[in-house]
Amino acid sequence: MLILNVEPDGPADKAGLQPTTRDENGDVQLGDLITAVDGKPVEQISDLDAALDAHKIGDTVTLTVELDGKKQGVKVTLEGEE
């Protein structure tokens, strides 16, 4: 799952996840790819939704993200609207 947007001061931003952007020439710079949530593979939005729905606000999950061919685990604390 390609990260398109990261809300400023949101959980993804706080975790350092990078969104897809455009550079000064208008070329697309791909953001991080989420490949798993707590070790469960994520291939489409329904996989991501199901993995996150298994948790509640305040839980911390580990996202496996890939950027430039390098994978790393990133801990994200889930937030939501009350």
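Val 37 stands opposite Lys 40 in S4, and the bridge partner of Ala 36 in that strand is Pro 41. Strands, like helices, are DSSP runs numbered from the N terminus, with at least two residues (E) for a strand and at least four (H or I) for a helix. The model is a predicted one, in which local features need pLDDT of at least 70 and side-chain atom pairs count only at pLDDT 80 or more, while totals for chains, interfaces and linings use all residues. Residues are numbered from 1 along each chain as its sequence is written, and side-chain values use heavy atoms, with hydrogens and water left out.

Strand S3 (residues 33-37) and S4 form a hairpin with two residues between them, and Asp 38 in the turn has a positive phi of about 50°. Ile 34 stands opposite Val 65 in S5. Two of the pairings are set out below.

| Strands | Sense | Bridges |
|---|---|---|
| S3 and S4 | antiparallel | two bridges |
| S3 and S5 | antiparallel | four bridges |

Taken as a whole, the protein chain holds two helices and six strands, which follow one another from the N terminus as α-β-β-β-β-α-β-β.

The largest pocket has a volume of about 650 Å³, a volume being the space filled by probe spheres set on grid points that are joined across faces, edges and corners. A pocket is an open set of points on a 1 Å grid over the protein atoms alone, where a 1.4 Å probe fits, with protein on both sides within 12 Å along at least five of seven lines, and lining residues have an atom within 4 Å of a point. The lining has 27 residues, with Pro 11, Ala 12, Leu 48, Leu 52 and Leu 78 nearest the centre. Helix H1 (11-14), helix H2 (45-53) and strand S5 (60-67) each give two or more residues to this lining, and H2 supplies the largest share, five residues.

How values were computed: Pairing = 2+ DSSP bridges.
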